[in-house]
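Please examine the structure shown below before reading on. The account that follows is written to be checked against the coordinates.

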Amino acid sequence: MTARADLIADAALSLLAERGMRGLTHRAVDEAAGLPQGSTSNYARTRQALLETAVRRLADREAQVLAMEEMPAPGEGLDALVDALSLALHRYLTGHRDLLVARYELGLEATRRPELRAFYDETGRRFRGPLTALMGAAGSEQPERHTLSLVAWCEGLMFSCAVGSFHSAVPSREELRTGFGELLNGMLGVRPGADADHPAVTTITRAEQ
């Protein structure tokens with residue numbers, strides 16, 4: 001995207017967070033971005049195009065916040081994975097609440113627009129693949145199912161802390177680390193029926209947390 005395209009997309013995301021879907025218009029984006037009237041229409045002529053622009057920019061900015069490239073390499077162990085995940089989620093919750101609100105607005109709109117649903121889902125796959133690979137490297141025998149559980153846990157926490165009943169009680173980095181440790185130990189630790197002296201995956205002890 002060009003600098004002007006990024007400016008338009010960022011203005012659209014800010015409007016979504018501030019005013020909701022009804023406040024997102026081409027004229028409002030021009031005003032928010034400080035651009036001449038008609039600039040947004042020239043770049044994204046239809047509302048669908050404007051929404052796709054916002055979704056694309058949302059995915060790019062989330063990629064910067066979550067920084068999947070900072071995730072540990074295979075073999076570094078669950079402790080390193082817990083540490084990296086807690087850092088990424090804490091960074092999102094404490095510094096990018098407006099981005100989360102915009103995401104929820106776009107996600108709800110996608111339930112009403114099949115053409116946006118397909119586009120929204122496609123951009124989301126850029127995160128699912130790397131997470132599934134991480135779960136497999138961590139020892140999961142069902143990495144896709146465990147990825148769903150991991151994402152669902154993170155999504156629930158983000159919603160609660162961004163717009164839900166815990167919006168004023170964002171957990172600390174250490175609390176998130178403890179939560180991820182409990183979650184991953186439950187999924188990847190000693191499985192029912194496993195030999196206690198030979199666990200399939202080394203669990204994360206409280207002392208390590």
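The model is predicted. Helix 7 covers residues 114–137, and at 1.5 Å a residue its 24 residues should span 34 Å; the C-alpha atoms at its ends lie 35 Å apart, which agrees with that expectation. After helix 7 comes Gly-139, which has a positive phi, near 115°.

The buried residues of helix 7 are Leu-116, Tyr-120, Thr-123, Phe-127, Leu-131, Leu-134 and Met-135. An α-helix has 3.6 residues a turn, so residues three or four places apart point the same way. Among the elements that cover the buried residues of helix 7 are helix 4 (47–66), helix 5 (78–95), helix 6 (97–110), helix 8 (143–162) and helix 9 (173–188).

Asp-121 also belongs to helix 7. With a relative accessible area of 30%, Asp-121 is partly exposed, because that value falls between the 20% limit for buried and the 50% limit for exposed.

On the helix 1 side, the contact involves Asp-6, Ile-8, Ala-9, Asp-10, Ala-12, Leu-13 and Leu-16, which meet Leu-50, Thr-53, Ala-54, Arg-57, Leu-58 and Arg-61 of helix 4. The residues of this contact comprise eight nonpolar, one polar and four charged.

Note on methods:
Residues are numbered from 1 along each chain as its sequence is written. This is a predicted model: local features need pLDDT of at least 70, side-chain atom pairs count only at pLDDT 80 or more; totals for chains, interfaces and linings use all residues. Side-chain values use heavy atoms; hydrogens and water are left out. Helices (H or I, at least four residues) and strands (E, at least two) are DSSP runs, numbered from the N terminus. The expected span of a helix is 1.5 Å times one less than its number of residues. Buried means under 20% relative accessible area, exposed over 50%, partly exposed in between (1.4 Å probe, protein chains only). Contact means heavy atoms within 4.5 Å. Ala, Val, Leu, Ile, Met, Phe, Trp, Tyr, Cys and Pro count as nonpolar, Asp, Glu, Lys and Arg as charged, and the others, Gly among them, as polar.
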